[in-house]
Amino acid sequence: METWQELSTLVQERLVAASSSERKVFAAGVAERLMSWHETLPEDEQASFTLSLRPLLNSVWEGVLGDSTAFTAVNRGVAEYMLSDYCHNDGQDGPDDADESAAAAVLHAAHAYLFGVSEFAVWTSGRAVEAVEQRFEYLAEQEEEDLPDPDEALAAELRRQLRDLDLIAQRAKELRHSSLGLPIDTSIRLRVELRTPLSSRD
């Protein structure tokens, strides 16, 4: 059985080899799962900055599934972040809100949509892996019993990502020109065929 480190390398290789359109959809799916999980946390554990990125993530979804007009909204959302206090070089002296896993994943997904390069999709994948690690650390601190094997949990996340890439690859031909815009009926169908399953946390 492959280790989670080997699976992580495989995900990275697949992302580098994938088309930019496939990478964009992949990053949106991973970011959606992290955001959806964050939105189910108790209110006192939710981060306001993370929640404020929901409209940006929705615009990313619209863009990666063929609505070319979403580019402006995503560009504006990224610009607002870049000009905010959350984007800084102050290290631990600055606000760390943007370093929360879901927030970082959404920002990486937005950059992946705007620029299409593999690094942003790879970083989005990595934030999901980090989120698994952080959940285990939290549960360990709570002295939870009967925790599953952490290495297996990390491997499960990466196997999920590989399945996502397989699903997206099946629609690669349709997604090839998504940045130029797709017919509305195609976008609606892809929302059902891709956004819904990619957003599922199962």
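Me: Where is L190 found, and what makes L190 count as buried?
Reply: L190 is found in helix 10 of this predicted model. Its relative accessibility is 0%, and buried means under 20%, so L190 counts as buried.

Me: Which residues is L190 in contact with, once neighbours within four places in sequence are left aside?
Reply: L190 is in contact with L65, R171, E174, L175, L182 and R195. Contact here means heavy atoms within 4.5 Å.

Me: How far apart are L190 and V129 in space?
Reply: From C-alpha to C-alpha the separation of L190 and V129 is 26 Å. Along the sequence they are 61 residues apart.

Me: Why are helix 8 and helix 10 called roughly antiparallel?
Reply: Helix 8 (residues 150-169) and helix 10 (residues 184-199) pack at an angle of about 175°. Angles over 145 degrees count as roughly antiparallel, and therefore the two helices are given that name. Their axes are 11 Å apart.

Me: Which residues of helix 8 and helix 10 meet?
Reply: On the side of helix 8 they are R160, D164, L167 and I168; helix 10 supplies E193, L194, P197, L198 and S199. The residues of this contact divide into five nonpolar, one polar and three charged.

Me: What makes D166 partly exposed, and where is its place?
Reply: D166 is in helix 8. Its relative accessible area is 40%. Buried needs a value under 20% and exposed one over 50%, so D166 falls in between and is partly exposed.

Me: How many aromatic pairs does a search of the whole structure find?
Reply: The search finds four aromatic pairs.

Me: What makes the pair of F49 and Y81 tilted?
Reply: The planes of F49 and Y81 are at 45°. Stacked requires under 30 degrees and edge-to-face over 60, which leaves tilted for this pair. The distance is 6.3 Å centre to centre, and rings pair if their centres lie within 6.5 Å. F49 lies in helix 3 (residues 48-52) and Y81 in helix 5 (residues 70-82), so the pair ties together parts that are 32 residues apart in sequence. Both F49 and Y81 are buried.

Me: Why is the pair of F71 and Y113 called tilted?
Reply: The ring centres of F71 and Y113 are 6.1 Å apart and their planes are at 55°. F71 lies in helix 5 and Y113 in helix 6 (residues 101-115), so parts that are 42 residues apart in sequence are tied together by the pair.

Me: Which residues do ring pairs link into a cluster?
Reply: The cluster consists of F115, F120 and W123.

Technical notes: Residues numbered from 1 in each chain as written. Predicted model: local features only at pLDDT ≥ 70, side-chain atom pairs only at ≥ 80, totals over all residues. Heavy atoms only, no water. Axes fitted to C-alpha atoms, helices over the stretch in contact; angles between N-to-C directions. Helix = DSSP H or I, 4+ residues; strand = E, 2+ residues; numbered from the N terminus. Parallel < 35°, antiparallel > 145°, perpendicular 65-115°, else oblique. Nonpolar A, V, L, I, M, F, W, Y, C, P; charged D, E, K, R; others polar. Phe/Tyr/Trp six-rings, centres within 6.5 Å; stacked < 30°, edge-to-face > 60°. Buried < 20%, exposed > 50% of the residue type's maximum accessible area, 1.4 Å probe, protein only.
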